[in-house]
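Dear colleague,

Please find the structure below, handed over for your own work.

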Amino acid sequence: MTIGELLKDYRIKQGKNQREFIAGIVSQSYYSKVEKEIHRITADDLLEILNHNGIPVKEFFEKLEIDPNQWQIDKINKLMEEITEASYSEQAIDQIRKIREKAQKLDLNPELKEEALLIIEGFIELEKDDPETFDEKLRTKLKEKIFMMPEYNTYRLSLYANFIDLYDFDSNLQIIRQINKVLERKTIERQEEILFAIVLNVLGQAVKEKKYDKTDEIINLVNQIKVIPELFLYREMLTFYEELIAYHFDKKQEHIRKCKLILESCEWGGMQVYGEEMKKFFDEYKDQ
């Protein structure tokens with residue numbers, strides 16, 4: 001049982017609604033997402049809620065299904081965050097290789113370590129531009145790793161979002177349809193952010209493969225997501241792809257003008273490397 005599920009179980013047993021249960025410790029909208037496992041709760045807020053409702057802390061944590069490897073998983077997640085940041089730098093491959101060296105020195109469960117190193121090798125592989133240098137064996141191994149995971153959770157979908165290019169567009173379209181069916185039945189942590197990342201990466205692939213007629217279905221997955229500050233860049237880049245795709249249908253220069261403004265905003269916002277990469281993409285594919 002997760003923290004959110006266990007809190008909900010105690011709340012219902014006490015016959016309280018969410019407002020009564022949290023007593024202003026956190027906002028009701030935030031707490032609602034904690035119960036749904038969309039947001040995490042801080043240790044301080046959790047302890048305060050437990051104390052307010054007379055729930056013994058020891059009893060609560062004994063009921064949780066705590067992964068004994070969680071501290072190791074946290075270390076791996078930290079490495080993945082470093083890789084994501086490194087991917088936006090001019091020396092991406094060199095920085096990711098340094099992170100790989102760091103991972104090799106970590107005292108981790110052998111299975112977890114092997115998985116982490118495989119994923120890091122995957123990030124290095126995807127930095128390659130020349131198909132002649134592709135490691136097809138490694139790419140197949142990564143695809144099998146993602147496919148064999150038992151459920152669509154935050155970790156699996158984040159991994160898939162980063163390795164979209166391992167699949168062709170039509171395969172990704174089928175995978176996205178399957179993901180959408182799963183997310184209609186349950187929510188996951190960071191769902192909106194991950195969906196945006198998946199959609200943007202697949203739209204880039206659609207442009208490369210000239211599959212413009214199949215993009216509406218993908219765009220609709222995220223078009224209704226409420227834009228908050230943390231999602232602004234995703235929403236802006238979605239508009240970039242929408243305008244670029246529209247240009248391929250009607251050739252109106254207004255679409256090109258908007259694309260250029262969005263790319264300029266990346267530079268203004270301090271994302272020069274990302275902006276330069278997207279400008280190269282734009283220059284290469286705008287007239288194809």
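In this message a residue is called buried when its relative accessible area is under 20%, exposed when it is over 50%, and partly exposed in between (1.4 Å probe, protein chains only). The model is predicted, so local features need pLDDT of at least 70 and side-chain atom pairs count only at pLDDT 80 or more, while totals for chains, interfaces and linings use all residues. Residues are numbered from 1 along each chain as its sequence is written, and side-chain values use heavy atoms, with hydrogens and water left out.

Helices

Helices (H or I, at least four residues) and strands (E, at least two) are DSSP runs, numbered from the N terminus. In helix α7, the buried residues are Ala92, Ile96, Ile99, Arg100 and Ala103. Viewed down the axis of α7, these fall within an arc of 110 degrees, so they line one face of the helix; the arc is that of the directions from the helix axis to the C-beta atoms. Lys98 and Lys105 are exposed, on the face of α7 turned away from its buried side. The helix covers residues 92–105, and its 14 residues should span 20 Å at 1.5 Å a residue, which agrees with the 20 Å between its end C-alpha atoms. The expected span is 1.5 Å times one less than the number of residues.

Helix α3 (residues 28–35) contains Val34, which is buried at a relative accessible area of 2%. Val34 and Ile119 are 85 residues apart in sequence, and their C-alpha atoms are 29 Å apart in space.

The second largest pocket

On a 1 Å grid over the protein atoms alone, a pocket is an open set of points where a 1.4 Å probe fits, with protein on both sides within 12 Å along at least five of seven lines; lining residues have an atom within 4 Å of a point. The second largest pocket has a volume of about 430 Å³, the volume being the space filled by probe spheres set on points joined across faces, edges and corners. Its lining has 14 residues, with His39, Arg190, Glu192, Ile228 and Leu231 nearest the centre. Helix α12 (residues 191–209) gives the most to this lining, with three residues.

Cysteines

With a disulfide taken as a pair of cysteine sulfur atoms within 2.5 Å, the count is zero. Cys259 is in no disulfide, the nearest cysteine sulfur being that of Cys266, 11 Å away. Cys259 is buried at 0% relative accessibility, and Cys266 is buried at 3%.

With kind regards
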